[in-house]
Amino acid sequence: MSRPIRPGAGFRSVVLTCAMAPTLAIAAPDPTPPTPSFESCRTDLINFAITQAVPQDLADAQLANLTPDPDVLAAATSQGEFVRPLWDYIEASINPARIEAGQRKLAEQAETFAAVEARYGVDRHILAAFWGVESSFGAVLDNPAVVKPVVRSLATLACGDPARAPYWRNELAAALQILAWNQAPLDRMPGGLTGSWAGAMGHTQFMPSVYQRDAVDFDGDGRRDIWTSVPDALASTAQYLRANGWKPDEGWGSEALLPGTFDAALADETTPRSLTAWRALGVRPARPSAFPDEAGEATLILPAGLRGPAFLLRPNFAVILRYNTALAYALTVALLSDRLRGDPGLVRDWPRGDRVLTSDERRDLQTRLMERGFATGGVDGKIGPKTRSALRAFQGSVGLPADGYADAALLERIRGTP
Ligand code: CA
């Protein structure tokens, strides 16, 4: 796997875009107040850790001679400009090799999956999908090119990413607490406390604060070991999902099949309707087993517009988004879980001929929507819920299907509309 491990559980990433990692604002050359040097920042981090119950000798030993990791800052800053179609992202993670590996793991670890499922009520295929997307079922944990010392990565980010410094600083303190309280099985970890460039750790990529809150010792050896114990890692993931509201036996939803004529404005992402109500509108789930209860509510989304697949999302889909707030991420986990269960792929294909807008073009689109009185919530080059809502309003105002989908044709249309 060539890409870096992305930030995992609890990582407050950008909302609903294909860019999976946050766009980090590195200090401009001459801002006020000035960016502190790494040395003084490092001292501040030691002092902060001590206020968080980290023993001074441990904080000193971990931080006093630390140097920043330039690869971490490079990884953090390079992510935001990388734009590719939603379907490219999804299909990079859902391929025959990944599905086969997942089904093998489901068979090998059948007893563990059954026990975790029984204890937490989270479907094993969802858990396996997180495991596959986060670490290729643990394979990346053995890859020295992507595994890094967590303390150094988080200190680098805490001092090199002023816009999010408090977040990184808190995660660093949590990592130091893990070391201080001897919770990680360091005797089994030759690299020490390791994780992704953003500090996400173990088989399902927990941030340190998430580990502190939700990691569990499921195999009963006295350690919460998400790095080398598959039972601990899977149970911790299930615990995280339950703590964030996962409802047993509900699933995430299903691809939706639309009638030939359909008002795209109904797919507004936010209005839940019962399956009965959706059926009355001509919408039906491609996978009816995802709706054991006709009264169960779901929202409808059209992530690639009317010419792409539609999805009916149950409340559990929002819990997947708590793990990582990118729609591309959550759809990947959801659709991979279906494939691991043995369900077929999508009925309706993606609009593969469409050209994805660049970040500059997205900003141009947002600027033009704002100029015309459609509130996008800002001009940040990211197409999130507010921009899609503004797009739907614009589309409706000029007689286009209001599917909220930003493609090159739409940008041309708004450029030509006074
Ligand atoms: Ca354990």
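This is a predicted model: local features need pLDDT of at least 70, side-chain atom pairs count only at pLDDT 80 or more; totals for chains, interfaces and linings use all residues.
**Exercise 1. Helix 1 against helix 8**

Describe how helix 1 (residues 38-51) packs with helix 8 (residues 150-160).

*Solution.* 
- Step 1. Take the geometry. The packing angle is about 115°, and the axes lie 10 Å apart.
- Step 2. Classify the angle. Values from 65 to 115 degrees count as roughly perpendicular. So helix 1 is roughly perpendicular to helix 8.
- Step 3. Helix 1 and helix 8 cross in a right-handed way.
- Step 4. List the partners. Helix 1 brings Phe38, Cys41, Arg42 and Leu45, while helix 8 brings Ala155, Thr156, Ala158 and Cys159.
- Step 5. Sort the residues of this contact by class: 6 are nonpolar, 1 is polar and 1 is charged.

**Exercise 2. Helix 11 against helix 13**

Do the analysis for helix 11 (residues 230-243) and helix 13 (residues 315-323).

*Solution.* 
- Step 1. Take the geometry. The angle is about 120°, with the axes 9 Å apart.
- Step 2. Classify the angle. The roughly perpendicular range is 65 to 115 degrees, and roughly antiparallel needs over 145. Helix 11 and helix 13 are therefore oblique to each other.
- Step 3. The crossing of helix 11 with helix 13 is right-handed.
- Step 4. List the partners. Thr237, Tyr240 and Leu241 of helix 11 meet Val319, Arg322 and Tyr323 of helix 13.
- Step 5. Sort the residues of the contact between helix 11 and helix 13: 4 nonpolar, 1 polar and 1 charged.

**Exercise 3. The setting of Val151**

Is Val151 buried or exposed? Locate Val151 and list what it touches.

*Solution.* 
- Step 1. Val151 sits in helix 8.
- Step 2. Check the area. Val151 has a relative accessible area of 6%, so Val151 is buried.
- Step 3. Name the contacts, leaving out residues up to four places away in sequence. Val151 touches Gln62, Leu63, Leu66, Leu172, Leu176 and Leu179.
- Step 4. Link back. Leu63, touched by Val151, is one of the buried residues of helix 2.
- Step 5. Compare distances. Val151 and Leu321 are 170 residues apart in sequence and 26 Å apart in space, C-alpha to C-alpha.

Technical notes
Residues are numbered from 1 along each chain as its sequence is written. Side-chain values use heavy atoms; hydrogens and water are left out. Axes are lines fitted to C-alpha atoms, for helices over the stretch in contact, and angles run from 0 to 180 degrees between N-to-C directions. Helices (H or I, at least four residues) and strands (E, at least two) are DSSP runs, numbered from the N terminus. Angles under 35 degrees count as roughly parallel, over 145 as roughly antiparallel, 65 to 115 as roughly perpendicular and the rest as oblique. A crossing is left-handed if the near helix is turned anticlockwise from the far one by less than a right angle, and right-handed if clockwise. Contact means heavy atoms within 4.5 Å. Ala, Val, Leu, Ile, Met, Phe, Trp, Tyr, Cys and Pro count as nonpolar, Asp, Glu, Lys and Arg as charged, and the others, Gly among them, as polar. Buried means under 20% relative accessible area, exposed over 50%, partly exposed in between (1.4 Å probe, protein chains only).
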